[in-house]
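Hi everyone, thanks for making time. Please bring up the model on your screens, and I'll talk you through how its parts sit together.

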Amino acid sequence: MKILLKLRRQENPTAKPYFQTFAYEGNNNISVANLLNILNSRENLTDVSGKKAAKISWECSCIEKKCGACAMVINHKPRLACDSFLEDLISESNEIIVEPLRKFPKVRDLRVDRRSIFTGMNEMKMWIEGDAVLNDDDYSSHYLSSRCIMCGCCLEACPNFNTENGFMGAVGIVTASKIINQNKEGSHRKEVEKNAIEHFFSSCDQTMACYNVCPMEIPIDDMLVRVSKGFVTS
Ligand code: FES
């Protein structure tokens, strides 16, 4: 079956975006990341109408669901390109729509500037000070929170997030859960708790849109309860 990849393209941060469609026929047991590589490896890349096209700009590092760099919107849902397989995406139509994350400034094509995630983590003081202390019953939750790869899918889906308002959504609360888990006491723990209130609890409407798109399937609701319970017990 011929697959049509409808791609939202943009030449630079201020250029007008447009859609361009590419055709692919072959093995469907490959990911969107693989397909982007296949298209870019064509000596003369042309779209479905035969028009010459520039190489597709996108970002990746690991191609195995570890770095988060390939986050994009695929068939209207934020996902990782390396973990989204053609055979799963074409059950209703042979067209796959691929767009950049909409909440972040565009760089080119599918490449966006996700720096606000990392500056937000810095502002929330998401690091540990002193020795990490984990009790036996902390390990399973610590493992789950450590799965976060900061891809930004949760923020893309969240109605409360934009890059200007300081709200850090699920990535903020999951990381806070990890830090609070390891910091049992002290002034830094207090600061992280205060920042969790300021950058998460004060603005979260609990739509839980993040929960449905997290590619790492982190139980964000559990993390949220765990952090707020930490406030009570500390
Ligand atoms: S390329 Fe690293 S998560 Fe997809």
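A quick word on terms: when I say "domain", the bounds come from an automatic or database domain assignment. What you see is a predicted model, where local features need pLDDT of at least 70, side-chain atom pairs count only at pLDDT 80 or more, and totals for chains, interfaces and linings use all residues. Residues are numbered from 1 along each chain as its sequence is written.

The assignment gives domain 1 as 2-112 and domain 2 as 115-233. Taken over C-alpha atoms, the centres of domain 1 and domain 2 are 30 Å apart.

So, how many residues of each domain are in contact? With contact meaning C-beta atoms, placed from the backbone, within 7 Å, 15 residues of domain 1 meet 14 residues of domain 2. On the domain 1 side, β3 (71-74) and β4 (77-80) are the elements giving two or more residues; strands here are DSSP E runs of at least two residues, and helices are H or I runs of at least four, numbered from the N terminus. The largest share, four residues, comes from β4.

Now two residues to look at. Ile63 has a positive phi, near 55°, and is not a glycine. You'll find Ile63 in the loop between α1 (32-41) and β3. Ile63 is partly exposed because 17 other C-beta atoms lie within 10 Å; 20 or more would be buried, 12 or fewer exposed.

Met150 also has phi near 55°, and belongs to the loop between α4 (139-146) and α5 (153-157). With 19 C-beta neighbours inside 10 Å, Met150 is partly exposed.

How values were computed. Two residues are in contact if their C-beta atoms, placed from the backbone, lie within 7 Å.
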